[in-house]
Amino acid sequence: VTIAAPVAGTLLEVNVRQGSAVEAGQVAYVIGDLSKTYVVAKLFQRDLSQVRPGASVEIHGAGVGSSKATGKVDLIYPGSGESTG
C-alpha cells in the first residue's frame, strides 16, 4: 500500500515496518522540515570575541557527513557560569 505524505520533508521516525498492523490514531511516520535547524555550541571565552550575531558559520561533524552545513549566528546566549577546570 502506498501512503502519500501531505507534506514534504525528511523522514525522522518509522514506527511501522512491512507486515506490521496499524491501528487508528497510531503514528506510522514522523516527517520533519529540516530546512531550518538550530545548533547550540559552547565556546571558550577566549574565542567569544570572534563571534557576533549575523556572522557566517560552517558546521562540520556527526550527522552532517562529509559535507558541511552553513548558516549564521542568530543569538549569543550568556552561559551558565560553569567552570570546566
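Which strands each supply at least two residues of the nonpolar patch? They are β1 (10–14) and β2 (29–32), with strands taken as DSSP runs of E, at least two residues, numbered from the N terminus. This is a predicted model, where local features need pLDDT of at least 70, side-chain atom pairs count only at pLDDT 80 or more, and totals for chains, interfaces and linings use all residues. Residues are numbered from 1 along each chain as its sequence is written, and side-chain values use heavy atoms, with hydrogens and water left out.

The patch itself covers about 710 Å² and is made by Val1, Ile3, Val7, Leu11, Val14, Tyr29 and Ile31. Patch residues have over 30% relative accessible area and no salt bridge, and nonpolar side chains (Val, Leu, Ile, Met, Phe, Trp, Tyr) are joined within 5 Å; areas are Shrake-Rupley values with a 1.4 Å probe. Ile3 sits in the segment before β1 and is exposed at 62% relative accessible area (exposed is over 50%, buried under 20%, partly exposed in between).

Glu58 and Lys68 form it at 3.2 Å, N to O. Glu58 lies in strand β3 (residues 56–59) and Lys68 in the loop between β3 and β4 (69–72), so the pair ties together parts 10 residues apart in sequence. Glu58 is partly exposed at 47% relative accessibility, and Lys68 is partly exposed at 45%.

How values were computed
Patches are made of residues with over 30% relative accessible area and no salt bridge: like charges are joined within 9 Å, nonpolar side chains (Val, Leu, Ile, Met, Phe, Trp, Tyr) within 5 Å. A salt bridge is a side-chain nitrogen of Lys or Arg within 4 Å of a carboxyl oxygen of Asp or Glu. Helices (H or I, at least four residues) and strands (E, at least two) are DSSP runs, numbered from the N terminus. Buried means under 20% relative accessible area, exposed over 50%, partly exposed in between (1.4 Å probe, protein chains only).
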